[in-house]
Amino acid sequence: VDAAPAPAPAPRAAEPTPAPAPKAAEPPPSKQPARQVATARVDKGSLDAVPSLGGIDVNGPLGEAEIRRGVTRVLPALRTCYRDAARGAGKTPAARVKISFEIDESRAARSVRARGASLPGLASCVEDAVARVRTRIAPDVGNASVTVEVVFAPTTP
């Protein structure tokens, strides 16, 4: 006599699997820490230099003090020029830029030329900034030829 087949074992209750730990929400992009890039570039905080006036040579009917006042008014623009050039190059060398220009009867700087800039783009930016120089008085006769040295001293972070 055949024996009846044994009843099938009852299905086992599934063992509970641990739920995955909730993922921490990432902060919005503006709150995320800056990613570190492994390069030899300097950090953004140190890409700055303080410009100061070196020698000023005036050949013509304007005094050095008048030229100094005019160029001093554009020093913030010159600092911005350095920052932009340093950011592009990823370095902050000390720089001495010689700028030559003329002040004409309209009291404006004309024929501005910069040389000796050690960062790409610095000379053209400096030329644009110095072209905005206007003196408070005009030369009595003719134009005043001017050579100014601007020294950029990098700041330390």
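Start by colouring the chain by pLDDT, the predictor's confidence in each residue, from 0 to 100. Helix α3 (residues 122–130) has the highest confidence, with a mean of 97, and strand β1 (residues 49–59) the lowest, at 93. Those helices (H or I, at least four residues) and strands (E, at least two) are DSSP runs, numbered from the N terminus. Over the chain the mean pLDDT is 80, with 69% of residues at 70 or more. Now select residues 29–44: here the pLDDT is below 50, and the stretch has 9 contacts in the model beyond near neighbours in sequence. Contact means heavy atoms within 4.5 Å.

A word on what you're looking at: this is a predicted model, where local features need pLDDT of at least 70, side-chain atom pairs count only at pLDDT 80 or more, and totals for chains, interfaces and linings use all residues. Residues are numbered from 1 along each chain as its sequence is written, and side-chain values use heavy atoms, with hydrogens and water left out.

Next, pick Cys 81 and Cys 125. They form a disulfide (a pair of cysteine sulfur atoms within 2.5 Å), with the sulfurs 2.1 Å apart. Cys 81 sits in helix α2 and Cys 125 in helix α3, 44 residues apart. The S-S torsion is about -75°, so this disulfide is left-handed. Cys 81 is buried (under 20% relative accessible area; exposed is over 50%, partly exposed in between, 1.4 Å probe, protein chains only), at 4%. Cys 125 is partly exposed, at 25%.

Last stop: Pro 93, in the loop between α2 (75–89) and β2 (95–103). Pro 93 is partly exposed, at 23%. Show Tyr 82, Ser 118, Leu 119 and Pro 154 too: Pro 93 contacts them, leaving aside its neighbours within four places in sequence.
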